[in-house]
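Subject: Structure handover and notes

Hello,

I am passing this structure on to you, with notes on what was found in it. Please open it and keep it beside you while you read.

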Amino acid sequence: MKAKHYTGLSKYLRLGAAALDGGLVGLPLKFLWFMARQMRFEKVTDLDGRLFVNTTYTPLNTRAYATALRYFANVAKGGINPLSVYFSVTNRCHLSCSYCSNSGGNSSDLGFETLSCSIKQAQDLGAACIGFTGGEPLLRPDLGKLVSLVDDRSYTLLFTSGHLLDAARARALKAAGLTAVVVSLDSHVEAEHNGKRNSAKAYGEAVAALKNSIEAGLYTAISMVITKDILYSGRIYEFIDFAAGLGVHEIRILRPKPCGKLIKGNFEILEEHDVKKFVELQYEINQNPALPAIMSLPHIGTIDNFGCSAARTHVYVNGDGDVCPCDFVPMGFGNINEAAFGEIYKRMLESFPRNTHGCISQQAYKEIDRLSGGKLPLKDPEGIKQVMASLGKRPVPKLYRKLGCC
């Protein structure tokens, strides 16, 4: 199933028609104008009648899009609910990546019924996106059943190394209702990717998974942790051309984060001028309909965009069931084995009273590591208070200011 990318005027015509069809009543005009302006950085992909901006935006022409609109309308009225919830369905993984955000935990998987209840609660709260991650989530034989629990109020993402995603599994996940697959691939050079993953098979499995996902008709993205060398040497263009050759729909660019195995601070720091380079790259590539869409999380996370989504907009449940502000912030506010997801979410909001700018993992990883004594996630309420106090006052990102938040 071949997708088609749209740029320029054709992009705006399709976005406009789909947005109006979804219903925009109740949203502030200044917010709608802001979002229209933000689309200049994006590219639209049509896959089987569904329009995708990227994997952080709800696909248009879907019921999940209406869910997302209700989220923004709720925020404009002074309310809040999670927009996306990611579940780490297992800590098990066959790889040993140096920068993995999963610092490890119990080898036993979260129970199916526990996950089932929490997924339903997340949807009932208004989550437009449910993500499945790990560890390696494909190591769970019941992953398809978990995906099928998510009704069409939400779209679904699978984050994987590509291990075990053969053609039959990809088709089965598509039939179960999976929306998109995000495969980790940090280099188009086989030896480089294998070296980062400490596996001679990692590259081959990732590339095969991408092909199988595309063939199954799933929206397919690559997730890469970029380095300054790849960004500034120009090798990023080789990577993009490689992805285009595979038929990949999107490349998600992530910066190194001080979390998981990197909590001790052995990571490359990207400065503001580096983030500006990301924005320039995204804008450049997303004007070319022959190339995959670029989504850079450093761009999404700026104060002129969404800012930090942790705890309010985005929630992460780790492989042990601890509810955390995001995948990269190891602070636990409760466990779904012991309390309802909705109750824990409300408790977490007490520490996050408003949407703010500034990545917590970048600003407070040393405090989190120190106060946890190396045993992550940090769960002590007093310790969490100290971490939050260390952040100081953080400004509200532009998107939320346009919704009336201050």
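Which order do the strands take in the open sheet of three strands? The order is β1-β2-β3, and the pairing is antiparallel. Before going further, please note that this is a predicted model.

The three-stranded sheet

As background, strands of a sheet pair through backbone hydrogen bonds, either parallel or antiparallel. In this sheet, β1 covers residues 4–6 and is joined to β2 by three bridges in the antiparallel sense. Two of the residue pairs can be found by name: K4 has D46 of β2 as its bridge partner, and H5 has T45 of β2.

The hairpin of β2 and β3 has two residues between its strands. D48 is found in this loop, between β2 (44–47) and β3 (50–52).

The nine-stranded sheet

There is also an open sheet of nine strands, in the order β10-β9-β8-β7-β6-β5-β4-β11-β12, and its pairing is mixed. Its edges are β10 (293–296) and β12 (323–324), each of which pairs on one side only.

Residues 84–88 form β4 and residues 314–317 form β11, and the two strands are parallel over four bridges. Within this pair, V85 has V315 of β11 as its bridge partner.

Helix α4, residues 112–125, lies across β4 and β5 (129–133) and runs at about 170° to β4. Helix α8, residues 202–215, packs on the sheet and touches β7 (180–184) and β8 (219–225). The direction of α8 makes about 155° with that of β8.

A pair of helices

Two packed helices are described by the angle between their axes and the distance between the axes. For helix α14 (residues 360–372) and helix α15 (residues 381–391), the axes come within 10 Å and cross at roughly 145°. The crossing is right-handed.

Which residues make the contact between the two? From α14 they are I360, Q363, A364, E367, I368, R370 and L371, and from α15 they are G383, Q386, V387, S390 and L391. By class, the residues of this contact are six nonpolar, four polar and two charged.

Two cis peptide bonds

For comparison, most peptide bonds are trans. The bond from L376 to P377 is cis, with omega near 0°, and P377 sits in the loop between α14 and α15. The bond from G134 to G135 is cis as well, with omega near 20°. G135 belongs to the loop between β5 and α5 (143–148).

Empty space inside

Rolling a probe the size of a water molecule over the atoms shows where empty space is left. How many cavities of 30 Å³ or more were counted? The count is one. The largest cavity has a volume of about 40 Å³. Its lining is made by C308, S309, A310, R312, F352, R354, N355, T356, I360 and R394. By class, this lining has four nonpolar, three polar and three charged residues.

Regards

Technical notes:
Residues are numbered from 1 along each chain as its sequence is written. This is a predicted model: local features need pLDDT of at least 70, side-chain atom pairs count only at pLDDT 80 or more; totals for chains, interfaces and linings use all residues. Side-chain values use heavy atoms; hydrogens and water are left out. On a 1 Å grid over the protein atoms alone, a cavity is a set of points where a 1.4 Å probe fits but cannot get out, and a pocket is an open set with protein on both sides within 12 Å along at least five of seven lines; lining residues have an atom within 4 Å of a point. Grid points are joined across faces, edges and corners, and a volume is the space filled by probe spheres set on the points. Ala, Val, Leu, Ile, Met, Phe, Trp, Tyr, Cys and Pro count as nonpolar, Asp, Glu, Lys and Arg as charged, and the others, Gly among them, as polar. Two strands pair if DSSP finds at least two bridges between them. Contact means heavy atoms within 4.5 Å. Axes are lines fitted to C-alpha atoms, for helices over the stretch in contact, and angles run from 0 to 180 degrees between N-to-C directions. A crossing is left-handed if the near helix is turned anticlockwise from the far one by less than a right angle, and right-handed if clockwise.
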